[in-house]
Amino acid sequence: MASDVTFSEEDLALGERLFEAPWVFVKGVVGLEHLPPADRAEVAFAGRSNVGKSSLINALTRQGGLARTSNTPGRTQELNVFEPTGPLGAGRLYLFDLPGYGFAEAPKAKVDAWTMLVKDYLRGRSSLKRVFLLIDSRHGLKANDLEIMAMLDAAAVAYQIVLTKADKISERALAKVEAATTVALVPHAAAFPVVLATSSETGAGIAELRATVAAIALG
Ligand code: GDP
């Protein structure tokens with residue numbers, strides 16, 4: 001997958017090791033008082049509903065049913081927490097799956113619930129090392145993505161754009177959206193300057209994303 005960053009063999013191997021042992025669901029958090037203690041590194045996955053977030057988490061962990069797809073009732077307004085069980089990662093990392101945003105016809109109460117819970121979490125969590133903001137390769141950055149980015153910039157929460165469903169467009173179109181997204185990130189203070197392109201379908205970019213998470217958790 002096209003990317004300007006090169007990952008060393010060691011980085012990639014560490015990523016594979018972090019994700020080769022099973023990952024488990026820790027809990028669904030409905031209010032900030034239920035968060036696990038902030039005693040280890042955390043990464044969070046955020047994105048518009050249907051961006052491919054559940055599929056990406058399942059691809060990363062090689063566990064088909066770990067993160068439930070948005071079409072499954074329940075869990076949707078919760079922060080779902082996962083952790084690795086292997087010797088490398090146990091006790092060192094939480095992965096947060098944040099509820100998707102941008103429902104076309106979401107009731108206001110649902111949007112408000114998302115806003116309160118997720119924004120409070122994102123702004124106030126000292127152990128949160130990076131937010132992976134998922135963007136559909138076919139669509140690029142949308143207004144509600146830019147809103148989240150502005151909030152993360154203001155709160156100085158580091159985030160990185162991950163393009164999803166890269167298999168759905170041509171290599172040329174993908175290179176174009178990668179370049180446009182990279183340029184769009186320049187004025188965003190908290191944005192990591194490297195865009196990762198992934199496909200849960202083909203596995204493209206998954207090893208690089210594993211390596212990125214491993215570097216954050218174990219580095
Ligand atoms: P979520 O709402 O962000 O959790 O999105 P899901 O993971 O449920 O995915 C939404 C839809 O996109 C589903 O129909 C998936 O099968 C599809 N999808 C997700 N990732 C990919 C991908 O990498 N490639 C393709 N072709 N389809 C994908």
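Which residue forms a salt bridge with D136, the closest N and O atoms being 3.8 Å apart? The partner is K165.

The model is predicted, so local features need pLDDT of at least 70 and side-chain atom pairs count only at pLDDT 80 or more, while totals for chains, interfaces and linings use all residues. Residues are numbered from 1 along each chain as its sequence is written, and side-chain values use heavy atoms, without hydrogens and water.

A salt bridge is a side-chain nitrogen of Lys or Arg within 4 Å of a carboxyl oxygen of Asp or Glu. The whole structure holds nine salt bridges. D136 also meets R138 in a salt bridge, at 2.8 Å from N to O. Buried means under 20% relative accessible area, exposed over 50%, and partly exposed in between (1.4 Å probe, protein chains only). D136 has 6% and is therefore buried. R138 is partly exposed, at 37%.

E16 pairs with R62 in a further salt bridge, and their closest N and O atoms are 2.5 Å apart. This pair also links distant parts of the chain, 46 residues apart. E16 belongs to helix α1 (residues 9-20). R62 belongs to the loop between α2 (53-61) and β3 (79-84). Helices (H or I, at least four residues) and strands (E, at least two) are DSSP runs, numbered from the N terminus. E16 is partly exposed at 24%, and R62 is partly exposed at 45%.
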